[in-house]
Amino acid sequence: MATHEQFADDLALYALGSLPPAEATALERHLESCAACRRGLEELRGDASLLALSAAGPAPPARSRERLLAAIKKEQRGQRMVLHHSRPWWTITPVVASLVLALFAFLMWRENSNLKQENAEVQKKTEALSAKLAQQEHDSEKAREMLYMLTSPEVQKASLTTPKGGPQPGGKAMYKSDKGHLLFMASNLAPLPKSKTYELWLMPMSGAAPMPAGTFMPDQKGGAMVMNPPIPPGTEAKAFAVTVEDAPGSEKPTMPIVLMGAGQ
Ligand SMILES: [Zn+2]
């Protein structure tokens, strides 16, 4: 049946003498081996309304099956098609043809809107993925920078100890002045009440006032870290210091200095 179906419209066009030569040849080849289509063609040729259309009606639009079917439908309004007997499948009546076209259009529309929906979903997934990638990129950027601060010989390093000496608290500052990047790590810090905070200070080379370089609270083991406090790039550092300030931090250091160290 499938092979018949692909020739259904061709039969009508062929009966009207409007099938393009290449397709006509293919149909003729099919007709040689298919009695059903031969019968169909005979019936179509005998169909009074089709003959009338081909003889007296407007010339069927070449290569446009939809327009041909529309023309047949239009013709039918004027002169009623006489149905003598139940039609085989290949006599596509205009009503069926327009239903098929409508169904086809509907399927195309649905396909199209499904595609749009799929596109929207793909778009959403892509956005989520790129947000995740951006986060990972950010994290690994941070990790790279930390590694760089810890290992690069270009980074200025200062060891901070209590001015009195002794083994208690200590700190290390790694500082890249051209970028204003600072990584500070401290250990063995005494715990503080919640109303207080440790504050790191950068003593500028220029002799200007100490610059706040972040506040921090030690963890249970007395360890703490400050990474990239807001320091203007290009600020040369003479030394670093740590004081205890009232939370959430001060603009000027309050004596005494808990830790201090000069750069190497
Ligand atoms: Zn056939």
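**Close-up views of a predicted model**

**View 1. The largest nonpolar core of the predicted model**. This core has 21 residues, of which L160, L182, F184, L200, F216, F240 and V242 touch the most other members. At least two residues of the core come from each of the strands β1 (156–161), β2 (170–176), β3 (181–187), β4 (196–204), β5 (211–216), β6 (224–227) and β7 (237–246).

**View 2. The surroundings of F240**. Leaving aside residues up to four places away in sequence, F240 touches A158, L160, A173, Y175, L182, L200, W201, L202, M203, L259, M260 and G261. F240 is also one of the core residues that touch the most other members.

**View 3. Helix α2, residues 21–33**. The end C-alpha atoms of α2 lie 19 Å apart, which agrees with the 18 Å that its 13 residues should span at 1.5 Å a residue. Buried in this helix are A24, L27, H30 and L31, and because these buried residues fall within an arc of 120 degrees when seen down the axis of α2, they line one face of the helix. On the other side of α2, the exposed residues are P21, A22, R29, E32 and S33.

**View 4. The protein chain as a whole**. The chain holds six helices and eight strands, running from the N terminus in the order α-α-α-α-α-α-β-β-β-β-β-β-β-β. Of its 264 residues, 34% count as buried, and the accessible surface comes to about 16,700 Å², with 59% of that area belonging to carbon and sulfur atoms.

Definitions and conventions:
Residues numbered from 1 in each chain as written. Predicted model: local features only at pLDDT ≥ 70, side-chain atom pairs only at ≥ 80, totals over all residues. Heavy atoms only, no water. Core = buried A, V, L, I, M, F, W, Y, C linked by side-chain atoms within 4.5 Å. Buried < 20%, exposed > 50% of the residue type's maximum accessible area, 1.4 Å probe, protein only. Helix = DSSP H or I, 4+ residues; strand = E, 2+ residues; numbered from the N terminus. Contact = heavy atoms within 4.5 Å. Areas by Shrake-Rupley, 256 points an atom, 1.4 Å probe, with all protein chains shown as cover. Expected span 1.5 Å × (residues − 1). Arc of directions from axis to C-beta.
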